[in-house]
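Hi,

Here is the structure I promised to pass on.

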Amino acid sequence: MFKQLPAEKLRTDRLVMGLRFDLLSLFTTLALLSTTTTVLSDVILSRVDRRIDLTSQIARVTSTLKVENAGPGPVSEILITFPEVQAKNLAYLMAALNEGKGKVKNSGISLPIKAVNPEGMPPSLIFHSVSLPTALGEGDSLTIDVLAVFTHALRAFPEEITQADIQLVLFQDTAHYLSPYAVNIQSLTVKLPKSRIESYTKLDNTNIHGSDIKYGPYENLPSFSYAPVAVHFETNQPFAVAQELVREIEISHWGNVQVTEHYNIVHGGAKSKGEFSRLDFQARPHLQGASAFRNLVAKLPPRSHSIYYRDEIGNISTSNVWDDPKKTELLIEPRYPLFGGWRTTFTIGYGLPLQDFLFESEGKRFLDFSFGSPINDLVIDNLIVKVVLPEGSNDIFISTPFPVKQGQETKISHLDFVGRPVVLLEKINVVPEHNQYFQVYYKFNSLSMLMEPFILISGFFFLFVACIVYVHVDLSISKSSASYLAKMQWDEVRATIQEVQSIINQCLSTHEKLEASLRDLSRTGDVQACKTARKTADSLLKEYSKELKPLLSFLQIFSSGYSNITLRWRSWWQRRGSCKRG
Amino acid sequence: MAAAITSPVPVAWYPTLAIFMLAIGLVVTASFFIYEATSSRRNRSLAKELTTGALASFFLGFGTLFLLLASGVYV
């Protein structure tokens, strides 16, 4: 343990004091309220247990409230209060009924919560109203669990550290549960990552057990009680904050859901100052740069394939994938370790089988996909989710478990005609608790899938038609030049020769048939069959010679080219004659 | 009841389909060009040219689609 310098100690104290002064105005209004407000005093909280988990960069506050209705008339709503300084960091708020003791956390159904602004309350307090499933009668009581998740609640102090320094952060809250209702018994437990605690506010009834600080129990406190506490402690958890994350989910009905995620990550802890020594960092990683993080772990859905990890320069080779039937774990290492304030940008992408995420019900198709980032313990300041639907989708409807900003645009991609409809979902302050499934419903005609092959087929067909046109069209400029005329004649002669050749081939086949019938005659002695065969062959050959005559006379004009053919013709004719005689 | 949607053709078939359809398409294309080059202008049949071209482009079109899908470009 290093000894704290007196000057630094003084600064710490001053900071804590400063925070107290910040809250002074709030405190005075609260003091005023607690004496005057009687509006909401029907409800009392008979027991409040709060646990603040500070083991990661995200502050998770779990409160178990035992609500009792003391006044006349039923109560259907419970108010939850946060001071404004905390409320602006509130990322996630969930309330659930806690039925009976000994049950697991989050066992009940979550209750609807909405932000409200009751009259006569100071603007420095933010109220949320939890609707109870059944109104609470007079004298009845029930227990609810409230989970509030805060980002950027841990303030690095000192704000700048060198590579060798340890990272200390400061967390402040109230030891008394801030509530518009009177609280009978309450306690608060602050869970810290390590046993090293720099300083903490000591109130009466403050105990410390290992890395837990326990405040309370306190009894019979009026409404709006407030007792600011500050905890200054060491943490080496990765402060990975994605300032912007764009997730693009592209559906292809040919069997794939392609996810592309563009990250812009910064280390949100104490800023690094001075120079960075790679040698010290490599040699003594636990002493030098303990707050820096080298890698991130993403938990991708099972059966992910074609996973890649790259940035503007190209592929980053320092990544690893573990595959099992329940999940795909991807470990990615940025190009350099991230110290406080350092940033990196990269892209990861992966393909998923279509049948795991796309479903059909009542004539509509819907995508069922996780909203947040797959990277563990990541705080996202600004998350944009784009769902690219196939071309031709219409009647789009989005269902999300929490409110998000929605929009639409079009994207032109491979083999598109009019572009694909894109659903835009935007949310600020996203924590891992937001990794819940959302649905995008749309209508799609299966025939629209044939659009892509149709575009390809018509492209190729256009090529063939162009070839046909080129071959058919006469492109010569001068129609009377000698070379052109010679070419025309050559074409004609060639065509005639082709016809002559085809007739000769036909004659030869007839001849073969005749020979076959002669062989049959020598074998079977059936004269009649041979005679008919000869008759048909004779008539055919006569026809052929008739057809051949005009062609031959045409060819005789071109004396140079025909002699060969006439010779062949003559020889064939002689052979035929001898055969006939035979 | 929500039913999972699958691709019309099993994904594992894409490489085989791509090879066979492209092979057929290229053979038909070859025959088309042989016909174009060898037949003379007078006795060339337009219908035959068009049918050969259409057949070749059908096979080449689907072959290219399956080639794209097999290589990971999901259109």
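Strand 1 of chain A runs parallel to strand 11 (residues 182–191) of chain A, and nine bridges join them. (Helices, H or I with at least four residues, and strands, E with at least two, are DSSP runs numbered from the N terminus; two strands pair if DSSP finds at least two bridges between them.) In this pairing, A:Leu45 sits opposite A:Val183.

Strand 1 (residues 43–53) also pairs with strand 2 (residues 59–69) of chain A, this time antiparallel, over ten bridges. Those two make a hairpin with five residues between them, and A:Val48 faces A:Leu65 there.

Keep in mind that this is a predicted model: local features need pLDDT of at least 70, side-chain atom pairs count only at pLDDT 80 or more, and totals for chains, interfaces and linings use all residues. Residues are numbered from 1 along each chain as its sequence is written, while chains are lettered from A and ligands numbered from 1 in the order in which they are written.

pLDDT is the predictor's confidence in each residue, from 0 to 100. Chain A has a mean of 86, with 88% of its residues at 70 or more.

Now for the two chains together. 32 residues of chain A are in contact with 31 of chain B (contact: C-beta atoms, placed from the backbone, within 7 Å). Helix 5 of chain A gives the largest share of chain A's side, eleven residues. Strand 24 of chain A joins in too, with two antiparallel bridges to strand 1 (residues 3–4) of chain B, where A:Glu360 stands opposite B:Ala3.

Cheers

Technical notes
Two residues are in contact if their C-beta atoms, placed from the backbone, lie within 7 Å.
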